[in-house]
Structures are given as structure tokens and as C-alpha cells.
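Work through these exercises with the model open in a viewer. Try each task before reading its solution.

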Amino acid sequence: MKIKMLFVISLALTFNLAYSQSNNSVKDIKLSDFGLHNYPTFDELNENILNEKYLTTSSISFRDINDNFSNITDLEWLKEITKENKVFLIGEDHYHRFIMNLRNRLLFALNTYDYYPLLIMEAQYSNTPFVNHYLNIIDDVRAENYFKTVIYDMITSYEEYKLLQHIRRWNKLNPNKKIQIGYSDIEHDYKTTIKNILIPYFKKIKSDLYIDVDNLSNSDLGELILKFRNLLKIAQQKDLIGDFPFITTKYINNVIENINSTYKAYYYQFDYYRQKAIVRNIIDPAFLGDYIIKNKILIHAGGYHTPTHFPYPDNGNFYREGSYLTYDFKLTKANTYSVRIYGLARSLNQMAEVDLDSCLHQGWYYRRIVNNLNKVFKKGLISEKDNVLENKVNAFEKLIIKKAIQNDNNPIIIDNIQWDEYLNISLKENQKLYQRLKDYKDKFERYDKIIFVPQSPLIIAQKKK
């Protein structure tokens, strides 16, 4: 009996020890274990070797455009800029909803103060005429039916859907200053393009056409493109129009060429062939070039694409649209203006516990962010409203966040930085910070205006039907 009691006590102690160790290990888990960091507190922001007196800033609203397009008074600094330049470029860090809000207000401010009839966005070219058809359907019921039955799969975020609603509303109110959208990228989701655009079109001349789209790989595209080109020759002889009047042989040829660029980019060298295609799509009159020849344009893309003070050596300006349009393209040389919008912290909000496999096609980086934040959300390390950083903030970013907190966490415009003061301080105190500040200085000088969005909810992925 005594031995049994000792065994039970020993078992209980072992269990309690194991539970205690397990419980402690859970408590010891930190955000940093997942490569994530908490948004700093105001007290933490005061611990800084950099003095804020060497940084001059102003703030603007993170709100979306309002119903009558009037909440743009904080953007009046754009008035002369819009008149003086032919191309306005917005370069941003992806997936921040408040950056999308700011993009919307910039778009309608440009078109209030002047006229920029084409917004070019970083998505696949084939979407272009389908979306513009939607923008010009006057009847709301017909427009919504067209959206749900024809282009739903093309609009992969709620924020892009909202943008289209804004533009439709603007076009109704301003019939003499209509805005269109052009998409300049390669066909990253080429399977959907082939399935929804090319196959239905070519079935009109070859009803038994079958392509195993689900099992296509990029290496299959080279042979498939030849097949599409042969079919296009037949379509051209018939002057074949697809299910909508904009699905012409010219448009189908462009889609095939863009898929060919996709094939080369993914199969041979991504940056080279992708950038060649993007520049072609923007300046070639067969694609979107008629707009840039005749009008002013607004380009919205990732920050990589949009510098206007960053010339490349050895004829390499095509590697960034901003560099090419500023230094190489005759119609826009020295006639560009760029705004770089940096996004710092993101929160899950409506993406909490969302299975991305239930959503439309999303980029790998967005998937990584959402999955990582949901992982720590499920472990109780954050709430859906907590703002989380992918990198620990440095001393300069602390200054930006402090300025933002003092202005209701609104976006911050950098008006002036006394770089020499900050570089001298950091050189003496922190070599790592010194190198980071040199990097910031170099990158800031590539653009005309720098804005920081300190915190924002993630954009919302659209669900599959």
C-alpha cells in the first residue's frame, strides 16, 4: 500500500512538473519568435538617441475619399504639381488598407485640380477592358450583375472593389473627366486568364478545344502560346469578336503576348522580362500607350517601380517604370513626380481566422503575412486589432511613430530631415543605425515626396464564389 501511495505521489509530481514546464513554455512564447514585434508604446518612443528637432513633418488623413470627393483639403500642396507634370507615380508598401485610402484621395485630388484620365495599376494586363466596361455601365443594377457574373474573380480585394465604386460614382458626376483603369503587369495568374478569356474565345472557332488548365505548368506555356497564335490567325481572318465588343483580335493578341512575357519571366529571368513587359504595356499604343501619348497618367505600384530620381547605368532604366519614364521616354522626360508611401505596422482586423484557400488568388507575400499574423493570433499573442511590425523599429522610425501618435496616428509627410545631424549622432553611438539611416537617405532621395503610414488594417481578400 505504501509503495502504491509513493507511486501515485511520484506520478502526480511528474505530471505537475510536466504541466508546469509546458505552461511556462507557452508563457515564454513571444512575438519575436515569429519574426514579429509589438507596436511601441509612447514611453518606448521617448528612449531615443535621435532628437526630433532635426525632423520636420506634417500629417494627413488616413480616411478614404468621401461621397462627394471633397475631403482633399490636406492635399492642396498637389495643385501646382498636378499642372506641371505629365506622370504622377505612387509607390507603396503592399497590403495596407490606409495606403489604399490615401491612394484613392490622391487619385481624386489629381483629377479635381487637373485631369489624369488613366490610373495604371500593378495587376495583370488582361483585366483592363473588362474592368473599364464595368466602370462605364451607368445602370447600377446592370453594373452589379456584370461584376458578379463576369469580373468578380479579377478583383481580388475588397479595397479594389471600393476603388471601382468610387470611380463609377466619379464618372457619373464628371462625364467630361472620366477615369479609366489600365493594368500593366504580366499574367501572374495565367491559368485563370487562359481559362476565363482565351479558351472561351477560341472555342468560337474550335468548339472541341480542350486544355488541361489545372495541370498546366509555366514550362508548358511556350508550346501553348504557339497553339494560341495559330488559332488567332484563323480568328483574324474572321475578324472574330468575343462575348463582349472589346474582346477583339487585337486584344486577344495582346493577352497572348502578355502570357508570352509571363512565360519568359518565370522560365528564364523574372525581373528582366517582367519589366520589359510592364514598360511595353505602358508606352506601346497597342496596349496602354495611347493614354500616355495624349494625356496625363497616374501610376500606382510597389515602391520599387516608381522612383523618379534614380537613373540606371548601361541602358537599365527599364528596370523601374519611374526611371524609364523620367530619363528615357521622350514624351515624359523630366516631367514626372513621385510619392513614396511607406507602411509600418499592420493589424489583422477582418482577416482574423480567414482561410486564404477560401479566397481569390493572392500573392505569396500577402499569404505569408496573413498566415503569420493568424498563427500568433491563435496563440493569444495579439488581438485582431493589434498593430504588429515585421521588423523592430529603429530610432528613426520611432521618431515617425511618435509624430504619428501626436497626430491621431495619421500618415506623416516628411517635410525636412537634417540628415547630417542624424548621421553624425548615429556614427558615434550606433553603427547599425548609421548604416540604416544612410540607406533611408539614399532611398528617400529617389522620390519627390515621402509619406509614412504608421499603422493600418490589412487589405481584405475577396472570398471565392
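A cavity is a set of grid points where a 1.4 Å probe fits but cannot get out. The model used here is predicted.

**Exercise 1. Find the enclosed space.** State how many cavities of 30 Å³ or more the structure holds, and describe the lining of the largest cavity.

Solution. 
- Step 1: Count. The structure holds one cavity of 30 Å³ or more.
- Step 2: Size it. The volume of the largest cavity is about 40 Å³.
- Step 3: List the lining. It consists of L36, R346, I369, L373, V388 and E390.
- Step 4: Sort by class. Four lining residues are nonpolar, two are charged and none is polar.

The idea behind the search is simple: rolling a probe the size of a water molecule over the atoms shows where empty space is left.

**Exercise 2. Describe an open pocket.** Give the volume of the second largest pocket, then say which element supplies the largest share of its lining.

Solution. 
- Step 1: Size it. The second largest pocket has a volume of about 350 Å³.
- Step 2: Locate it. Of its 18 lining residues, Y125, T128, P129, A286 and F287 lie nearest the centre.
- Step 3: Two or more lining residues come from each of α5 (128-135), β5 (180-185), α10 (249-267) and α12 (289-294).
- Step 4: Pick the top contributor. α5 gives the largest share, four residues.
- Step 5: Sort by class. The lining has 10 nonpolar, six polar and two charged residues.

**Exercise 3. Summarise the chain.** Report the helix and strand counts, the overall span and the buried share.

Solution. 
- Step 1: Count elements. The protein chain has 17 helices and 10 strands.
- Step 2: Read the span. The C-alpha trace covers about 95 × 65 × 50 Å along its principal axes.
- Step 3: Check burial. Of the 465 residues, 52% are buried.
- Step 4: The chain exposes about 22,400 Å², with 50% supplied by carbon and sulfur atoms.

Definitions and conventions. Residues are numbered from 1 along each chain as its sequence is written. This is a predicted model: local features need pLDDT of at least 70, side-chain atom pairs count only at pLDDT 80 or more; totals for chains, interfaces and linings use all residues. Side-chain values use heavy atoms; hydrogens and water are left out. On a 1 Å grid over the protein atoms alone, a cavity is a set of points where a 1.4 Å probe fits but cannot get out, and a pocket is an open set with protein on both sides within 12 Å along at least five of seven lines; lining residues have an atom within 4 Å of a point. Grid points are joined across faces, edges and corners, and a volume is the space filled by probe spheres set on the points. Ala, Val, Leu, Ile, Met, Phe, Trp, Tyr, Cys and Pro count as nonpolar, Asp, Glu, Lys and Arg as charged, and the others, Gly among them, as polar. Buried means under 20% relative accessible area, exposed over 50%, partly exposed in between (1.4 Å probe, protein chains only). Accessible areas come from the Shrake-Rupley method with a 1.4 Å probe; for residues, only the protein chains shown count as cover.
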